[in-house]
Amino acid sequence: PTKEKLAAGKPVTIAFLGDSITEQKMKDFRDKKGSYVLRFTDYIKEKYPNSTVLLIERGDPVPAPKDKQIIIIKAGKGGDDTPRALKRIDADVLVHKPDLVSIMLGVNDENRNDANTNGVPLSAYKANLLEMVEKIRAAGAEPLLMTTSMKNLGWHGTVGNLNEYAQSVRDIGSAKKVCVVDNFRAWELIPKRGYNYM
């Protein structure tokens with residue numbers, strides 16, 4: 001439905017819910033291409049040149065959508081995990097009546113806590129994502145799930161089982177018929193293309 005509305009020039013609102021990977025600002029990038037949300041925004045501008053594309057940062061006012069207008073809400077917050085994002089999904093995302101909500105969380109959920117286990121256990125991570133999917137659908141929007149990028153597997157703050165979090169996202173996508181963008185798999189394949197993922 002979102003693609004159909006975009007093609008017809010109807011007003012569309014797309015929200016990106018996530019952590020610091022979603023929140024990143026242009027100043028954080030040496031190549032000046034920006035985060036995946038900024039790159040997506042550039043892609044949408046190219047794909048729909050007859051529409052006005054507005055990129056709104058989390059907390060900034062969101063205008064009422066008009067015909068031939070695409071609003072992209074960057075609702076990332078550094079350090080967020082699924083429990084924190086679940087608490088703010090209504091205020092930062094659903095209040096704006098989005099057509100599509102992309103969720104990319106998991107890097108912080110997987111982090112090591114003081115007990116040497118995951119900060120957010122895998123079962124809780126999966127339950128939180130499922131609740132978000134249901135909330136998004138109940139609000140009349142389409143959910144889209146993204147597995148996270150890979151992180152430094154030797155870092156002291158990681159448990160080292162981010163692949164299990166990625167698999168949870170795939171499982172939810174399959175069980176609930178939600179589109180999944182599998183970033184984690186793309187990162188796994190990087191060495192096969194001759195690059196060091198680090």
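Biologist: Which residues of helix 7 are called buried?

Modeller: They are L162, Y165, A166, S168, V169, I172 and G173. Buried means under 20% relative accessible area, exposed over 50%, and partly exposed in between, with a 1.4 Å probe and protein chains only.

Biologist: How do you know where these buried residues lie around helix 7?

Modeller: Seen down the axis, they fall within an arc of 150°, so they line one face of the helix. The arc is taken from the directions that lead from the helix axis to the C-beta atoms. The structure is a predicted model, in which local features need pLDDT of at least 70 and side-chain atom pairs count only at pLDDT 80 or more, while totals for chains, interfaces and linings use all residues. Residues are numbered from 1 along each chain as its sequence is written, and side-chain values use heavy atoms, leaving out hydrogens and water.

Biologist: What does the face turned away from the buried side carry?

Modeller: That face of helix 7 carries the exposed residues S174 and A175.

Biologist: What makes residues 162-176 a helix, and how far does helix 7 reach?

Modeller: A helix is a DSSP run of H or I with at least four residues, a strand is a run of E with at least two, and both are numbered from the N terminus.

Biologist: What makes strands 1 and 3 a pair?

Modeller: Two strands pair if DSSP finds at least two bridges between them. One of the bridge partners is I70, which faces V12. Six bridges join strand 2 to strand 3, and these two also run parallel.

Biologist: In what order do the strands of the sheet stand?

Modeller: The open sheet has six strands in the order 2-3-1-4-5-6, with parallel pairing. Strand 2 (52-57) and strand 6 (179-182) stand at the edges with a single partner strand each, so one side of each is left without a neighbour in the sheet.

Biologist: Why is strand 3 called largely enclosed?

Modeller: Eight of its eight residues are buried, so the rest of the structure largely encloses strand 3. Q69, I71, I73 and A75 are buried on one side, and I70, I72, K74 and G76 on the other.
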